[in-house]
Amino acid sequence: MVTDPIADYLTRVRNAVMANHRIVEIPASNMKKEITRILFEKGYILNYKFEDDKKPGIIKVALKYHPVTKVSAITTLQRISKPGLRKYIDADNLPRVLNGLGIAILSTSQGLLTDKEARVRKIGGEVLCYIS
């Protein structure tokens with residue numbers, strides 16, 4: 001059993017990027033599906049597919065690389081709020097990752113949002129991770 005499934009998700013993606021893999025398979029959960037959807041909408045991954053054939057289900061993520069230089073769209077994945085130390089932030093102090101070039105994913109009362117969406121809606125929440 002994994003004690004921190006979000007950190008496991010980020011580590012699997014980080015390891016796949018470092019090994020220049022095209023596709024990474026991750027055990028599915030609703031929160032991981034939402035993080036994957038956000039990564040796709042913001043252009044950090046090429047595509048994704050949810051396979052619910054088996055009991056836990058699997059998320060297949062196609063990673064995005066530059067066609068010429070082969071550099072990944074994802075440079076850093078950093079877990080912020082951990083099970084041992086949760087990090088909550090209010091709407092006035094929302095983080096900016098790389099001065100707005102990266103995103104922070106927050107768990108709010110309205111679901112998972114990026115820092116920009118939370119700033120527009122003026123709500124805070126738990127800062128899950130930084131992605132750039």
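Mentor: A nonpolar core is a set of buried Ala, Val, Leu, Ile, Met, Phe, Trp, Tyr and Cys residues joined through side-chain atoms within 4.5 Å. Buried stands for under 20% relative accessible area, exposed for over 50%, and partly exposed for values in between (1.4 Å probe, protein chains only). This is a predicted model, in which local features need pLDDT of at least 70 and side-chain atom pairs count only at pLDDT 80 or more, while totals for chains, interfaces and linings use all residues. Side-chain values use heavy atoms, with hydrogens and water left out, and residues are numbered from 1 along each chain as its sequence is written.

Trainee: Which residues of the largest nonpolar core touch the most other members?

Mentor: Among its 26 residues, they are Val13, Leu63, Ile105 and Ile131. Helix α1 gives the most to this core, namely 6 residues. Apart from it lies another core, of 9 residues, including Leu106 and Val127.

Trainee: How do you know that the span of α1 agrees with that of a helix?

Mentor: The expected span is 1.5 Å times one less than the number of residues. For the 14 residues of α1 (5–18) this gives 20 Å, and the end C-alpha atoms are 20 Å apart, so the two agree. Helices (H or I, at least four residues) and strands (E, at least two) are DSSP runs, numbered from the N terminus.

Trainee: Where around the axis of α1 do its buried residues lie?

Mentor: The buried residues are Ile6, Tyr9, Leu10, Val13, Ala16 and Val17. They cover an arc of only 130°, which puts them on the same side of α1; the arc is that of the directions from the helix axis to the C-beta atoms.

Trainee: Why is serine 132 called buried?

Mentor: Its relative accessible area is 10%, so serine 132 falls under the 20% limit. This residue lies in the segment after β8.

Trainee: What makes the pair of phenylalanine 40 and tyrosine 48 edge-to-face?

Mentor: Rings of Phe, Tyr and Trp (its six-membered ring) pair if their centres lie within 6.5 Å; planes under 30 degrees apart count as stacked, over 60 as edge-to-face and the rest as tilted. Here the centres are 5.3 Å apart and the planes stand at 75°, so the pair is edge-to-face.
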